[in-house]
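Trainee: I'd like to learn how to read a few features of a model like this one. Could you walk me through it?

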Amino acid sequence: MEEKEKQSLPEISIEQLEEGVQHVNNPIIGLKPIEKRYLQSVKECKQVNNSFYFTDGESTVEVMVVSDEIIRVRMAPQGTFLEDFSYAVPKLVNSATVFSLSETEEDYRVETNTVSCIINKKHFLVSFADNQQNIINEDLSAMHWEENVDFGGYYVYCTKKGHPGEGYFGLGDKPTTFNMRGKRFQNWNTDTYSFAKDQDPLYRSIPFYIGLKETTAYGIFFDNSYRTYFDFGQEDQDKTSFWAEGGELLYYYIHGPHMMDVVKRYHTLTGTHPMPPQWALGYQQCRWSYYPESKVRKLGKTFRDKKIPCDALYLDIDYMDGYRCFTWNKKYFPDPKKMVKELADDGFKTVVIIDPGIKVDENYWVYKEGKENKYFCRRSDDYFMEGHVWPGRCQFPDFTNPEVREWWGGLFKGLVDTGVAGIWNDMNEPAVFGSGTFPDDVRHQYDGHRGSHRKAHNVYGMQMVRATYDGLKKLYKNKRPLTITRAGYAGVQRYSSVWTGDNLASWEHLKLALLQCVRLSVSGVSFCGTDIGGFTGEPDGELFSRWIQLGVFSPFMRAHSAGDTREREPWSYGEEFEAINRKFIELRYKLMPYFYSAFWEHHKYGFPILRPVVMLEQDKIENRTREEEFTFGDKILISPILNPGQTSKTVYLPEGKWFDYWTHESYEGGREHTAHAELDSMPIFVRAGSVIPEWPVMQYVGEKDLEEIKFQVYHSPYEVNSFYYEDHGDTFAYEQDIYTEKKFVVKGDDQSLNIRQSSEGLYTPRYETYDLKLIGLPFLPKRIIIDGKEQIVDLEFDALKRVRIQANKNFKEIQVLS
Ligand code: GLC
């Protein structure tokens, strides 16, 4: 035996001998009881490239410099790390320019230009500071763990200091107050039919939050797919902790100091949503279920007859043959290809639902293929994972297996050949009737990293919709697919839009819809929406119209309802409501180019599409509890009406000057105002200096060729930038720079307004002219100079005090003078 090993043999004390211990090699001696164990003092540090390894002699902590502003921390209780694999972060590229390690008697410091990660030697506490040495986030106790005897591995814990007034935002779809301080949450994707306020968990797991300590924001992304928990000062107001039932304690510290910086940087890790087909930003009509074919046709015809714009009609589970995925019920839909084509000729896209449960049926080709190829999930003893869902007894593909994803993607060929334009993935938490979901012992391939359902549960839905998206992308060749999913994990935005699941027709849920969409947006999932009107229950006309109004400003705008409710289309509540619903759906189409540009800003730069006021002005303490105002993109602020009978409300406008969208009246920001909004209106404000593009109303995206493009230009005493984005609308050519991104810079004073334009990208729109409406001018213009050439004009204010001018789309500068 080696000298070293001999030394490590436990010695038997006299007391132990007296207690009856006889043998030196008694295996019980030296076994540590199962209890929470904490990191001990740091003994040494080693550097390998951009990673620094700190050890207390037994456990190891890796501090990895990911970028100047992002540091990853992970802990190996026994010194050996798990394989470095994540569904959320597909590729970790070290982009830090400069970083270094220094050591004092007390600490090690890993520093970039922006952040310091300080490791206190004595207690192994990890903290983060900015480059002014202000501590932003710090461990309260050392990272710890507890052995899991039943499953192996560890429960892993991280406890941070919480500060008085610290705000916590994010975590995806939690149906609760926007600031999560004082609450505890868990992440475990759950089918929650008719969920209630504060119910937790729901359908998605996004273990990422933004902390706002005093006026400085930072982010923590705990990339762990097991059941995770977050406590924001509920257990102890001076503590914020997060923990998981397995996997590694692995988190990213994301530096701010602005909330916007944190979200943008989170997107550099987990990606953004690809550009959707532009029609997917139109109004979409769904219901469980539109069938048979005659009903679907009548639905489409009614939209067109009533001139209510609509881009997509959805088919819920009843279009299938006995709920078998990838089949059609030929009694209800005898010739789906013909129907889909005729709907398409009338401007409607058809989107169909596909669930993960595959009916156990030896005569069903999907089941047979899955069975033959061993694509279905199995239990620990190799039995198939079987459970009941809509089709009856089902088996479930293991979407964490790349081969299964490839197969699944190819299954859409038939639907794509039929002309279907989008796929709706549901029940993918995964949901199983009776038991709720899969048992823990179900095995998953996990892209070669193997695991039980404990590890794969939260990523199952995301991998399903990934397979769907990738499959459709191949089949559509260069066309953009629309996918929508109910379940998801961090990074799901790379593959899909989401909706918030089975909500309820109530005013409380209208408010929750707002909270959930804004929260999802700051949690990386910008392309989100709710079932407009509420899935279960019956909204009255007023609630439905107010929900349509909120829906206009939800990135994903779809009405949906359960099968046991009364019909719920924009005309279902009589003429008065129909007119209101039409007006607001038309508004969605008018603002389409603005919404599309905001989407581009999300896709390209990682800006969240919806932004709460606390994100715009995080240094104002009172903004931490403001929940009803938010902006869509950068320029339009909305505060929907959320109560029955309400026709006015107090609206806070952030600093600067704002205009009422409807009346063009101007308002000073930095304070609250009373906004009036009868049922046919809603409070909408536009920032001074904005250039807002508008389309003519269309019944569907692409109905009309644009002969010119309209812009509403708002006067401003200070300089403001606006962006406008255009491309083909449905291809991936934008990835080859075939797009146009225009930047407008607006600045005015009492006597003038100056508009400058620059552009990049290779796309050339067909129209030649801009139709500009100048709003809020404090003078009547007498002279207009476009690119140095004076125009002869005789301008007048219209009824809304606007002045209209025209310019070539390539203008560089317009000077409007008194
Ligand atoms: C689930 C979905 C719902 C769908 C229904 C039938 O409840 O959340 O949107 O209509 O299943 O497919």
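Mentor: Let's start on the inside, with Tyr-594, Ser-597, Ala-598, Glu-601, Gly-633, Asp-634, Lys-635, Val-691, Asn-721, Ser-722 and Phe-723, which line the largest cavity. Bear in mind that this is a predicted model: local features need pLDDT of at least 70, side-chain atom pairs count only at pLDDT 80 or more, and totals for chains, interfaces and linings use all residues. Residues are numbered from 1 along each chain as its sequence is written, and side-chain values use heavy atoms, with hydrogens and water left out.

Trainee: What is a cavity, and what is a pocket?

Mentor: On a 1 Å grid over the protein atoms alone, a cavity is a set of points where a 1.4 Å probe fits but cannot get out; a pocket is an open set with protein on both sides within 12 Å along at least five of seven lines, and lining residues have an atom within 4 Å of a point. Points join across faces, edges and corners, and the volume is the space filled by probe spheres set on them. Here the count comes to four cavities of 30 Å³ or more, and the largest cavity holds about 90 Å³ of space.

Trainee: Which element gives the most to the lining of the largest cavity?

Mentor: That's H13, with four residues. Helices (H or I, at least four residues) and strands (E, at least two) are DSSP runs, numbered from the N terminus. H13 and S45 each supply at least two residues of that lining. By class, it divides into four nonpolar, four polar and three charged residues. Ala, Val, Leu, Ile, Met, Phe, Trp, Tyr, Cys and Pro count as nonpolar, Asp, Glu, Lys and Arg as charged, and the others, Gly among them, as polar.

Trainee: How much space lies in the second largest cavity?

Mentor: About 70 Å³. Of its 13 lining residues, Tyr-323, Asp-355, Gly-357, Trp-390 and Pro-391 are the closest to the centre. By class, the lining of the second largest cavity has eleven nonpolar, one polar and one charged.

Trainee: Now the pockets. What volume does the largest pocket have?

Mentor: About 920 Å³. Its lining takes in 35 residues, with Val-701, Gly-702, His-728, Gly-729 and Asp-730 nearest the centre.

Trainee: Is Arg-480 buried or exposed?

Mentor: You judge that by relative accessible area: buried is under 20%, exposed over 50%, partly exposed in between (1.4 Å probe, protein chains only). Arg-480 comes out at 4%, so it counts as buried. Arg-480 lies in the loop between H9 and strand S29 (482-485). Setting aside neighbours within four places in sequence, Arg-480 has contacts (heavy atoms within 4.5 Å) that include Met-275, Tyr-596, Gly-729 and Asp-730.

Trainee: Last one: what is the strand order of the open sheet of four strands?

Mentor: S43-S44-S48-S51, with mixed pairing. Strand S43 (691-694) and strand S51 (802-808) stand at the edges, each with a single partner strand, so one side of each has no neighbour in the sheet. Two strands pair if DSSP finds at least two bridges between them. Strand S48 (residues 769-775) and S51 pair in the antiparallel sense over seven bridges, and Thr-769 stands opposite Asn-808 in S51. For a parallel case, take strand S20 (residues 284-285) and S21, which pair over two bridges.
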